[in-house]
Amino acid sequence: TFTELILLAISGGIRRYFADQKVSERRTNQRTMSCIPFSFRDVSHDSLQSTGNDVALIFAPLPTNLADQRDRIAAVRRAMQRLRHGYSAMFFRWVTPVLASLPLGLRSWLWCRASRHASILISTVPAPSQEITIGGAKVLQMSYWAPASAHVPSAISTISFGETLWFG
C-alpha cells in the first residue's frame, strides 16, 4: 500500500542516517516507533459535507534495526497487516471519542504519556481527485505539514499531488 511504501522509505532513510552519523550499534539495533494518524470517515457524500474529524492515531514500528531491505519490507507488511486487521484500530476508534470528551488538561496529560512511545509522526494525504483552481489559476503545487507535538521529536508529512510525492 501507499502507507507501507512511505514507511519503508522512511525506515531506510533513518537506517542510512544512523550509518552516516555512526550512531551506536545499541541504538541501531532498536526499532523506531512511529505514530500514524488515520481517518475513520466514510468516503460518502454526507461525510464529505461534514467538517468534523474522525481521526485516531496508531503506533507502528519502523524496522530501522534491520539491515536487509527485504527484511524491512516483510516487517512493515506484517506490522501493517496486524494494525489493519487486529484489535488496535478498533480500540483506537473507540478510545478517540472518549478522549475527545475529557477535559483538556487530562487529555493533554494522557497524550503526553502515550506519545512518549513514538519517535516520529508520519502523516500521508492523498492527492485531490480533481484539478484545483484558485481565482481561475491552476494550483501547481501543494504543501502540507503534519501536526507537530512537543512530545514527538519529529514529524514527516507526505502529500501526493499531480504526479509528484512531496515530503515535508
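User: What makes up the protein chain in terms of helices and strands, and how are these elements defined?
Analyst: The protein chain has 6 helices and 7 strands. Helices (H or I, at least four residues) and strands (E, at least two) are DSSP runs, numbered from the N terminus. Along the sequence the elements follow the pattern α-α-β-α-β-α-α-α-β-β-β-β-β. The model is predicted: local features need pLDDT of at least 70, side-chain atom pairs count only at pLDDT 80 or more, and totals for chains, interfaces and linings use all residues. Residues are numbered from 1 along each chain as its sequence is written, and side-chain values use heavy atoms, with hydrogens and water left out.

User: Why is threonine 32 called buried?
Analyst: Buried means under 20% relative accessible area, exposed over 50%, and partly exposed in between (1.4 Å probe, protein chains only). Threonine 32 has a relative accessible area of 4%, so this residue counts as buried. Threonine 32 belongs to strand β1 (residues 32-39). Of the 168 residues of the protein chain, 29% count as buried.

User: What makes the pair threonine 32 and threonine 64 a polar contact?
Analyst: A polar contact is a pair of N or O atoms within 3.5 Å; within protein, one must be able to donate a hydrogen and the other to accept it, and residues adjacent in sequence count only if both atoms are side-chain atoms. The side chains of threonine 32 and threonine 64 are joined at 2.8 Å, so the pair falls within the limit.

User: Why is arginine 77 called partly exposed?
Analyst: Its relative accessibility is 47%, which lies between the limits for buried and exposed, so arginine 77 counts as partly exposed. Arginine 77 sits in helix α4. The C-alpha atoms of arginine 77 and glutamate 4 are separated by 6.8 Å, although the two are 73 residues apart along the chain.

User: What puts the buried residues of α4 on the same side?
Analyst: Arg72, Ala75, Val76, Ala79, Met80 and Leu83 are buried in α4. They cover an arc of only 125° around the axis, which puts them on the same side of α4; the arc is that of the directions from the helix axis to the C-beta atoms. The face turned away from the buried side carries the exposed residues Arg70, Arg82 and His85. At the N-terminal end, aspartate 68 caps α4, with a side-chain oxygen 3.0 Å from the backbone nitrogen of arginine 70.

User: Why does serine 11 count as buried, and which residues is it in contact with?
Analyst: Serine 11 has a relative accessible area of 0%, so it is buried. Serine 11 is found in helix α1. Contact means heavy atoms within 4.5 Å. Leaving aside neighbours within four places in sequence, serine 11 is in contact with Leu62, Pro63, Thr64 and Arg72.

User: What is called a nonpolar core, and which residues of the largest one touch the most other members?
Analyst: A nonpolar core is a set of buried Ala, Val, Leu, Ile, Met, Phe, Trp, Tyr and Cys residues joined through side-chain atoms within 4.5 Å. In the largest, of 15 residues, Leu7, Ile10, Ile14, Ile36, Leu62, Ile120 and Ile122 touch the most other members. The elements giving two or more residues to this core are α1 (2-20), β2 (55-62), α4 and β3 (120-125). Helix α1 provides the largest share, 5 residues.
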